[in-house]
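Hi,

Here is the structure I promised to pass on. Have a look at it first, and then read on for what turned up when I went through it.

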Amino acid sequence: MLFRSTSYARPEPSNAVRRTIAIIDGMTLAPRATFDWSSDVGRRTPLDERDDSEGVNQVASTLHAAAFFAGLPILARSAARRPSLYIKAGLEASVNGPDENLVLANDRSTPIAIGMRFEHGSITAAIRGELSDRSVSFVRRIEAFEPFEEFHDFDHTLPSGSRVLVRRGMPGFRVLRERVIRDASGAILAQERSKDVYRPLSQVWRIGAGGEPAPGFVRPANDPRPEYIVDERLEMTRTQHGAMEVQRDAGRSGSYGWTAREGLLVHRE
């Protein structure tokens, strides 16, 4: 059995997340059978319940990570446009676009079962079956960064001199990702390489252009998201005994303040 969990940002799951989890939980894949998100999940979710696209992507990403470390064939996976705070860059799976899908296969000689649940603020995916005969490594390296722009919008509803961070920016990335699957003797069964490209996200400030603050004025809160940090190189290996071994090299981008140090913020008026 293999579990992967991701922390959910809201206190309670949205209706879309609840329904998606309910559809997936308990699915069984016979040998050589596939799980196809578009047909097995997407067509069974009403349009009015797809309001939480990020939450649905988180369910897909959590399931993808579980299948990835279980060593199951991943026949289709769409990368996210931008990295997320709930999972390591390179392990996401986006399923909301018309051409985006997640397709997994059972290459074992016995059935496997998929479990999904929301519990204690986390989304958890479980892959149950004969999985202990392989070790699986996820290796990720940041190949290049792309600067992001900062814009200032003058707002006459804010007192002069006040600043509100409406949206925190994020550099773009080009990521080389690799999966190495080994058998019990350490021999390589499969080695897969691909690249993910994350687009930069511009940073936006509201600059006060009004007069003196009115009595009782409360300054709007800044975007609460922290600066996105990412290890320049990361290797995660699930051993045959189920333990997760992690080797990381923070490099230039693995500590706060790195976007300023690397000169990746471009100011625009």
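Is E143 buried, partly exposed or exposed? With 26% relative accessibility, E143 falls in the partly exposed class, since buried would need a value under 20% and exposed one over 50%. Keep in mind throughout that this is a predicted model.

E143 sits in strand β8. Leaving out anything up to four places away in sequence, E143 touches R174, L176 and K195.

**The chain as a whole**

The protein chain has 269 residues, and 47% of them count as buried. There are 4 helices and 16 strands, and the C-alpha trace spans about 70 × 40 × 30 Å along its principal axes. Of the contacts with a separation of 6 or more, 75% are between residues 24 or more positions apart. The accessible surface is about 13,700 Å², and carbon and sulfur atoms account for 49% of that. On the charge side, I get 37 positive and 36 negative side chains, with the centres of the two sets 2 Å apart.

**Aromatics**

The structure holds 9 aromatic pairs. One of them is F145 with W258: the ring centres are 5.1 Å apart and the planes meet at 55°, so this pair counts as tilted. F145 belongs to strand β8 (residues 135–146) and W258 to helix α4 (residues 258–261), so the pair ties together parts that are 113 residues apart in sequence.

P83 lies in the loop between β4 (74–77) and β5 (102–105), and it is buried, at 8% relative accessibility. The C-alpha atoms of P83 and F173 are separated by 8.9 Å, although the two residues are 90 residues apart along the chain.

For R163 the ring is that of W205, with the charged end 3.9 Å from the ring centre. For R179 the ring is that of F68, at 5.0 Å from the centre.

**Loops and backbone**

Most residues other than glycine have a negative phi. Which residues here have a positive phi without being glycine? R32 and H120 are two examples: phi is about 75° for R32 and near 55° for H120. R32 is in the loop between β2 (27–29) and β3 (34–36), and at 74% relative accessibility R32 counts as exposed. H120 is in the loop between β6 (112–119) and β7 (122–128), and is exposed as well, with 76% relative accessible area.

What about A9, buried or exposed? A9 is exposed, with a relative accessible area of 79%. A9 lies in the loop between β1 (2–7) and α1 (15–24). The C-alpha atoms of A9 and G121 are 7.7 Å apart, with the two residues 112 residues apart along the chain.

**One glycine in a helix**

G55 is found in helix α3 (residues 53–70). At 4% relative accessibility G55 counts as buried. Apart from neighbours within four places in sequence, G55 is in contact with Y8 and V17. From G55 to P83 the C-alpha separation is 14 Å, for two residues 28 residues apart along the chain.

That's what I have so far.

Cheers

Key
Residues are numbered from 1 along each chain as its sequence is written. This is a predicted model: local features need pLDDT of at least 70, side-chain atom pairs count only at pLDDT 80 or more; totals for chains, interfaces and linings use all residues. Side-chain values use heavy atoms; hydrogens and water are left out. Helices (H or I, at least four residues) and strands (E, at least two) are DSSP runs, numbered from the N terminus. Buried means under 20% relative accessible area, exposed over 50%, partly exposed in between (1.4 Å probe, protein chains only). Contact means heavy atoms within 4.5 Å. Accessible areas come from the Shrake-Rupley method with a 1.4 Å probe; for residues, only the protein chains shown count as cover. Lys and Arg count as positive and Asp and Glu as negative; His and the chain ends are not counted. The place of a charge is taken as NZ of Lys, CZ of Arg, CG of Asp or CD of Glu. Rings of Phe, Tyr and Trp (its six-membered ring) pair if their centres lie within 6.5 Å; planes under 30 degrees apart count as stacked, over 60 as edge-to-face and the rest as tilted. A charge sits over a ring if NZ of Lys or CZ of Arg is within 6 Å of the ring centre and within 35 degrees of the ring normal.
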